[in-house]
Amino acid sequence: MFTITTIGFVRHGVTTWNKEGRAQGNTDIPLNEEGIEMAHRVAQRLSGEQWDVIYTSPLVRAAKTAEIIADSMPDIRLLSDNRLRESGGGLVEGLTLSERVQKWGHSWRKLELGFEPHEEIISRGLEFIEEMIELHPNKRILVVSHGGFIGRLIKELVPYKDLAVDLENTSLTIIKLQDERNLCELFNCTKHFPNR
């Protein structure tokens, strides 16, 4: 039987480390005041739409964003899933780009610095997606996660489109998971910030 499961990916609100250009990875950095305000903005937007369930990364910046969204949709379950955490940044976590260059030189990306392998990130992401299709056929699922993780997963789900853009904080990207070919219905949308 033909089913379409819709996933709405929301990147968490902004943090102090985002503003400072520091790699966050799995370091558990909270939202700052602006990030909390951003989460309220996206929550207000999403509360006017039809969603069936919310899943979140357990990292506090995503979990808090998801809680604020869930508060605006009292009838919807909020579930935490460790597979939605950010890609592990190894030794670069907490460092700005200039600090990385100062420490390891301009070729730091080629060094073995303990990054979570791309294959592992994609593997846990696709495992989550397959489970969503099985558990929630024809439903609309909100996933609150992280820019690096969401970006990689979207490229895997919609490989025929060039979506190589850094995702904005609290942006919404909607993917329809279909048998033939997945459809990116909305990408990196921040219409809840009218002045952007």
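I began at strand β5, residues 172-177, and found 4 bridges joining β5 to β6, with the two strands running antiparallel. I am working from a predicted model.

Next I looked up the whole sheet. I found 6 strands in an open sheet, and I wrote down the order β3-β2-β4-β1-β5-β6. The pairing is mixed. Which strands sit at the edges? They are β3 (77-80) and β6 (183-189), and each pairs on one side only. From one strand to the next, I read an average twist of 20 degrees.

Then I turned to helix α6, residues 147-157. Helix α6 lies across β1 (5-11), β4 (140-145), β5 and β6. Its direction makes about 150 degrees with β1.

My last stop was helix α2, residues 33-47. I counted 15 residues, spanning 21 Å from the first C-alpha to the last, close to the 21 Å expected at 1.5 Å a residue. Which residues of α2 are buried? I listed Gly 35, Met 38, Ala 39, Val 42, Ala 43, Arg 45 and Leu 46. Seen down the axis of α2, these buried residues fall within an arc of 160 degrees, so they line one face of the helix. I recalled that an α-helix has 3.6 residues a turn, so residues three or four places apart point the same way. On the other side of α2, Glu 33 and Gln 44 are exposed.

What covers the buried residues of α2? The cover includes β1, α3 (60-71), β4, β5 and β6.

Finally, I checked the N-terminal end of α2. Asn 32 caps it, with a side-chain oxygen 3.1 Å from the backbone nitrogen of Glu 34.

Methods: Residues numbered from 1 in each chain as written. Predicted model: local features only at pLDDT ≥ 70, side-chain atom pairs only at ≥ 80, totals over all residues. Heavy atoms only, no water. Pairing = 2+ DSSP bridges. Axes fitted to C-alpha atoms, helices over the stretch in contact; angles between N-to-C directions. Contact = heavy atoms within 4.5 Å. Expected span 1.5 Å × (residues − 1). Buried < 20%, exposed > 50% of the residue type's maximum accessible area, 1.4 Å probe, protein only. Arc of directions from axis to C-beta. Polar contact = N/O pair within 3.5 Å; in protein donor to acceptor, adjacent residues only side chain to side chain.
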